[in-house]
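User: I would like to learn how to read the packing in this model. Please take the features in turn, with the general idea before the case.

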Amino acid sequence: MRRWYYAHFGVSIASELELPEWSQCEQTLGWGAQDVVIRVEPPGSTESTGSTQPSLATAGEFNLHVPRVGHFHVRDGREIHVKPLAGTEPERIRPWLLGSVWGALCYQRDMFIVHASAVRVDNEAVIFCGRAGRGKSTLAAQLGARGYALISDDLCRLDLPAQGVPLIYPSPPRLKLWSDALGELGWSARELAPDHLREGKFHLSLAESGLAQPLPVRAAYLLTWGEFGIRELQGMAAFRAFLSGATWRMELIESMGRVAPHTRRCMEFLRRVPLAKLTRPRDFQASTETLDFLAGQWSGAAL
């Protein structure tokens, strides 16, 4: 069986399934010596039934059954086993593997993961968090059009060194955008890869940013919709907003028994990085005010 090798979130990966969403790297270790191994088992012959939900999620085990796709098993933050249903195309497997399954593995590896988008400002990073539908990827795309390179989107890995500013790991430059956002941005969905989990959403690949090492995080913004405005959050207000708006799959953290370390990391992150609530209108025609404000803020003093 052919194998592919990747580096993502600071770990080395060997995979029996090609993952074009990630950047390949040279094979420097023998098979099985990587941090993470993704194995593909022979296809199952029977249809999965029921709803899509994990049947088991602990600190060391995660199982996910997906109807009409197959079964995923994650063990000890090191192994991912994929057992697809017969005839299932890789395009239907990869969104689950790179989403819920990879996120579960990151939690098993005790990584600090947030649901956000991040762009590069000089030699630092700015992150945008918020609940689903708050336009994190769309804002990152708009800023990208102004020259702010994408660092990461959707699942982002942060690191809290013993001293200094938190760091964010770069990911392959790919955005997930709804069709209406593409239309407002003047981009066509014709040549983009569709998101097989959500109709009307597409994957946009951007030019490589050239980033290889984590970047320090300058500031964080919590996105909401409404009349334009910005307000710095502090204390418990900042903690509650960040925990709610930036946490990816809190139910997984709870079932894996990792609530305490996750909340401590959120508090420590906010101790070192300022958080502001950024409210902006849904109207794309009015988004210039937001973009001009951010560009002006970044060109001057810190948040």
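User: Which residues does Ile80 touch, not counting residues up to four places away in sequence?

Analyst: Contact means heavy atoms within 4.5 Å. On that basis Ile80 touches Val37, Ile38, Arg39, His73, Val74, Leu97, Val101, Trp102 and Leu105. This is a predicted model, in which local features need pLDDT of at least 70 and side-chain atom pairs count only at pLDDT 80 or more, while totals for chains, interfaces and linings use all residues. Residues are numbered from 1 along each chain as its sequence is written, and side-chain values use heavy atoms, with hydrogens and water left out.

User: How many residues are in the largest nonpolar core, and which of them touch the most other members?

Analyst: In soluble globular proteins, nonpolar side chains tend to be buried together. A nonpolar core is a set of buried Ala, Val, Leu, Ile, Met, Phe, Trp, Tyr and Cys residues joined through side-chain atoms within 4.5 Å. Buried means under 20% relative accessible area, exposed over 50%, and partly exposed in between (1.4 Å probe, protein chains only). Here the largest core has 36 residues, and Phe72, Ile80, Leu97 and Trp102 touch the most other members. Elements giving two or more residues to this core include β1 (4-8), β2 (11-15), β6 (70-75), β7 (79-84) and α1 (90-108). Helices (H or I, at least four residues) and strands (E, at least two) are DSSP runs, numbered from the N terminus. The largest share of the core, 10 residues, comes from α1. A second, separate core has 27 residues, among them Ala125, Ile127, Cys156 and Leu243.

User: What figures describe the chain as a whole?

Analyst: The chain has seven helices and 17 strands. Of its 303 residues, 50% are buried. Among contacts between residues at least 6 apart in sequence, 67% join residues at least 24 apart.

User: At what angle do α4 and α6 pack, and how far apart are their axes?

Analyst: Two packed helices are described by the angle between their axes and the distance between the axes. Axes are lines fitted to C-alpha atoms, for helices over the stretch in contact, and angles run from 0 to 180 degrees between N-to-C directions. Helix α4 (residues 235-246) packs against helix α6 (residues 259-272) at about 125°, with the axes 10 Å apart. Angles under 35 degrees count as roughly parallel, over 145 as roughly antiparallel, 65 to 115 as roughly perpendicular and the rest as oblique. The two helices are therefore oblique to each other. In α4, Ala238, Phe239, Phe242 and Leu243 meet His262, Thr263, Cys266, Met267, Phe269 and Leu270 in α6. By class, this contact has eight nonpolar, two polar and no charged residues. Ala, Val, Leu, Ile, Met, Phe, Trp, Tyr, Cys and Pro count as nonpolar, Asp, Glu, Lys and Arg as charged, and the others, Gly among them, as polar.

User: Where do the axes of α2 and α7 stand relative to each other?

Analyst: The axes of α2 (residues 136-145) and α7 (residues 287-299) come within 11 Å and cross at roughly 65°. These helices are therefore roughly perpendicular to each other. Leu139, Gln142 and Leu143 in α2 meet Ser287, Leu291, Leu294 and Trp298 in α7.

User: Which loop holds Arg68, and what is its phi?

Analyst: Arg68 is in the loop between β5 and β6. Its phi is near 65°, a positive value in a residue other than glycine. Arg68 is exposed, with a relative accessible area of 54%. Arg249, in the loop between α4 and α5, has a phi near 55°, also positive. Arg249 is partly exposed, at 23% relative accessible area.
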